[in-house]
Amino acid sequence: MALSGKKVAQFDIKSDCDVFHELWKTNPHHIPTLSPTTYQNCQTLEGEAGTVGCVLLWHYFHDGKDSTVKTLIHEIDEAKKSITFKALDGSDILEFYKTFVVHVHVDTHGSDNLVTWTIEYEKLNPDVPDPDTLLEFFKKVTKDIEAHHLKN
């Protein structure tokens with residue numbers, strides 16, 4: 001069984017892709033307000049939101065428990081409208097995974113607005129499950145943000 005893997009999920013949204021991208025890039029501390037059943041808090045620990053090198057601490061609810069993840073904004077690609085977050089030491093997620101990287105990318109194809117979540121990971125051992133439930137988590141967050149933007 002392979003310890004490294006990659007999971008991808010893509011969701012159509014009716015809201016504006018640029019607004020979604022900017023939210024994750026420059027205003028991640030607003031996400032708990034938009035999706036309060038998934039994220040409880042987001043704090044900037046180092047650097048400035050919207051810049052590579054920024055360290056964020058996320059408090060979230062997943063698989064029936066409160067968890068935390070400290071992430072580094074590893075890469076921002078404005079041309080591709082993508083942001084890469086890398087889990088850092090002190091994160092609950094690293095109890096199961098040696099490495100854990102999340103990419104969120106938005107794109108417009110004709111009249112379709114798409115959000116793509118990609119998780120790249122390396123398990124600590126073969127008994128650790130693939131992070132499929134986290135893709136469901138990101139789907140919920142995406143739909144919550146979409147609903148908020150369509151309402152306003």
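How many helices and strands does the protein have? In this predicted model, the protein contains three helices and seven strands. Read from the N terminus, the order of these elements is β-α-α-β-β-β-β-β-β-α. The C-alpha trace extends over about 45 × 30 × 30 Å along its principal axes. The radius of gyration is 15 Å, which agrees with a compact globule, because a globule of 152 residues would have a value near 15 Å.

The packing of two helices was then examined. Two packed helices are described by the angle between their axes and the distance between the axes. For helix H1 (residues 17-26) and helix H3 (132-151), the axes come within 11 Å and cross at roughly 120°. The crossing of H1 and H3 is right-handed. On the H1 side, the contact is made by Val19, Phe20, Leu23 and Trp24; on the H3 side, Val141, Thr142, Ile145 and His149 take part. Sorted by class, the contact of H1 with H3 comprises six nonpolar and two polar residues, with no charged residues.

Empty space within the model was considered next. Rolling a probe the size of a water molecule over the atoms shows where empty space is left. One cavity of 30 Å³ or more was counted. The largest cavity has a volume of about 210 Å³. Its lining consists of 16 residues, of which Tyr39, Val69, Thr71, Val102 and Phe138 are the closest to the centre of the cavity. Elements that give two or more residues to this lining are S3, S4, strand S5 (82-87), strand S6 (97-109) and H3. By class, the lining of the largest cavity divides into 14 nonpolar residues, one polar residue and one charged residue.

The largest pocket has a volume of about 250 Å³. It is lined by 15 residues, and those closest to the pocket centre are His62, Asp63, Ile93, Phe96 and Tyr97. Two or more residues of the pocket lining come from each of strand S3 (55-62), strand S4 (65-77) and helix H3 (132-151). Eight residues of the pocket lining are nonpolar, three are polar and four are charged.

Helix H3 crosses H1, and H3 gives two or more residues to the lining of the largest cavity and to that of the largest pocket. Strands S3 and S4 likewise give two or more residues to the cavity lining and to the pocket lining.

Conventions. Residues are numbered from 1 along each chain as its sequence is written. This is a predicted model: local features need pLDDT of at least 70, side-chain atom pairs count only at pLDDT 80 or more; totals for chains, interfaces and linings use all residues. Side-chain values use heavy atoms; hydrogens and water are left out. On a 1 Å grid over the protein atoms alone, a cavity is a set of points where a 1.4 Å probe fits but cannot get out, and a pocket is an open set with protein on both sides within 12 Å along at least five of seven lines; lining residues have an atom within 4 Å of a point. Grid points are joined across faces, edges and corners, and a volume is the space filled by probe spheres set on the points. Helices (H or I, at least four residues) and strands (E, at least two) are DSSP runs, numbered from the N terminus. Ala, Val, Leu, Ile, Met, Phe, Trp, Tyr, Cys and Pro count as nonpolar, Asp, Glu, Lys and Arg as charged, and the others, Gly among them, as polar. Axes are lines fitted to C-alpha atoms, for helices over the stretch in contact, and angles run from 0 to 180 degrees between N-to-C directions. A crossing is left-handed if the near helix is turned anticlockwise from the far one by less than a right angle, and right-handed if clockwise. Contact means heavy atoms within 4.5 Å. The radius of gyration is taken over C-alpha atoms; the globule rule is 2.2 Å times the number of residues to the power 0.38.
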